[in-house]
Amino acid sequence: MIKNVFAALALSIMLPLSAMAADSYTIDPAHTFPHFTISHLGFSTMHGRFDKTSGKVSLDRAAKTGSVEVAIETGSISTGFAKRDEHLRGPDFFNAAEFPDISYKSTAVKFKGDTPVSVDGNLTISGVSKPVTLSIDAFNCGTNPMSKKDTCGAAASAQIKRSDFGVKYGLPNVGDDVKLEFEIEAIKD
């Protein structure tokens, strides 16, 4: 009986300690850059970006687990041409008035050794959620030499079809395949 009490006590102490092993980070909006490319009429590749991003990252390298939650302000889209940006914010594309955010919420982080290599999750655009896997092309954590704060950075990418999210305006002339790229820096909480 005493053995069981000690086992339960040890387990109750170990569980909170293991939960504390994950490090929590807040995405730095000044150093986070979600951007995309898409074919324009088959003649050129159009580039665009979003200027306002927020979110949280959790990482436990020892347990090989983590999570990512990102919110991208739809109205912050920028392609370098104001009239096109206004059209992209409208109902033909992102409908920023009705859907102010694009979001990504992870369901799993996959590791190779101690390094995350991909993130499975759900991407939501214009109210439609679909599973999307982000490949992590670069990853590094350390002390930022300027701020002296613990920071992690990553470059991740994915390929989606915009029609899967109900964004069909201009098809097939304006491309359906969209390459998404995310450059992210996050500061330890």
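The protein chain has 2 helices and 11 strands, and what you're looking at is a predicted model. Read from the N terminus, the elements go α-β-β-β-β-β-β-α-β-β-β-β-β. The average pLDDT is 91, and 89% of the residues score at least 70. Here's a tour, topic by topic.

**Confidence along the chain**

- Helix H1 (residues 2-19) is where confidence is lowest, with a mean of 43, while strand E6 (residues 77-78) is where confidence is highest, at 98.
- Residues 1-19 have a pLDDT below 50, and beyond near neighbours in sequence this stretch has 1 contact in the model.

**The chain as a whole**

- Of the 189 residues in the protein chain, 35% are buried.
- If you take contacts between residues at least 6 apart in sequence, 54% of them join residues at least 24 apart.

**Strand E2 and its two partners**

- Strand E2 (residues 33-40) runs antiparallel to strand E11 (residues 174-188), and 7 bridges join them.
- E2 also runs antiparallel to strand E3 (residues 44-50), this time with 6 bridges.
- E2 and E3 make a hairpin with 3 residues between them.
- Leu-41 sits in the loop between E2 and E3, where its phi is near 60 degrees, a positive value in a residue other than glycine.
- Leu-41 is partly exposed because its relative accessible area is 40%, between the 20% and 50% cut-offs.

- Strand E8 (residues 115-125) pairs with strand E9 (residues 128-143) in the antiparallel sense, over 8 bridges.
- One spot to look for in that pairing is Asn-122, whose bridge partner in E9 is Pro-131.
- The hairpin of E8 and E9 has 2 residues between the strands, and Ser-126 takes a positive phi near 55 degrees there.
- E9 pairs with strand E10 (residues 150-161) too, again in the antiparallel sense and over 8 bridges.
- In this second pairing, Ala-138 has Ala-155 in E10 as its bridge partner.
- The hairpin of E9 and E10 has 6 residues between the strands, with Lys-148 in the turn at a positive phi of about 65 degrees.

**The disulfide**

- The count of disulfides comes to 1.
- Cys-141 and Cys-152 are the two cysteines joined, with an S to S distance of 1.9 Å.
- The link of Cys-141 and Cys-152 is right-handed, with 105 degrees about the S-S bond.
- Cys-141 lies in strand E9 and Cys-152 lies in strand E10, 11 residues apart.
- Cys-141 counts as partly exposed because its relative accessibility is 24%, between the 20% and 50% cut-offs.
- Cys-152 counts as buried because its relative accessibility of 8% is under the 20% cut-off.

- Ser-157 is found in strand E10.
- With a relative accessible area of 12%, Ser-157 falls under the 20% cut-off and is therefore buried.
- The Ser-157 side chain makes a polar contact with the side chain of Asp-137, at 2.9 Å.
- Setting aside neighbours within four places in sequence, Ser-157 is in contact with several residues, including Thr-133, Leu-134, Ser-135 and Asp-137.
- Lys-179, Leu-180 and Glu-181 are also among the contacts of Ser-157.

**Backbone details in the loops**

- Leu-171 and Pro-172 are joined by a cis peptide bond, with omega at about 0 degrees.
- You'll find Pro-172 in the loop between E10 and E11.
- Asn-95 has a phi near 45 degrees, a positive value in a residue other than glycine.
- The loop that holds Asn-95 is between helix H2 (82-89) and strand E7 (101-112).
- Asn-95 is buried because its relative accessible area of 17% is under the 20% cut-off.

Methods. Residues are numbered from 1 along each chain as its sequence is written. This is a predicted model: local features need pLDDT of at least 70, side-chain atom pairs count only at pLDDT 80 or more; totals for chains, interfaces and linings use all residues. Side-chain values use heavy atoms; hydrogens and water are left out. Two strands pair if DSSP finds at least two bridges between them. Helices (H or I, at least four residues) and strands (E, at least two) are DSSP runs, numbered from the N terminus. Buried means under 20% relative accessible area, exposed over 50%, partly exposed in between (1.4 Å probe, protein chains only). Contact means heavy atoms within 4.5 Å. A polar contact is a pair of N or O atoms within 3.5 Å; within protein, one must be able to donate a hydrogen and the other to accept it, and residues adjacent in sequence count only if both atoms are side-chain atoms. pLDDT is the predictor's confidence in each residue, from 0 to 100. A disulfide is a pair of cysteine sulfur atoms within 2.5 Å.
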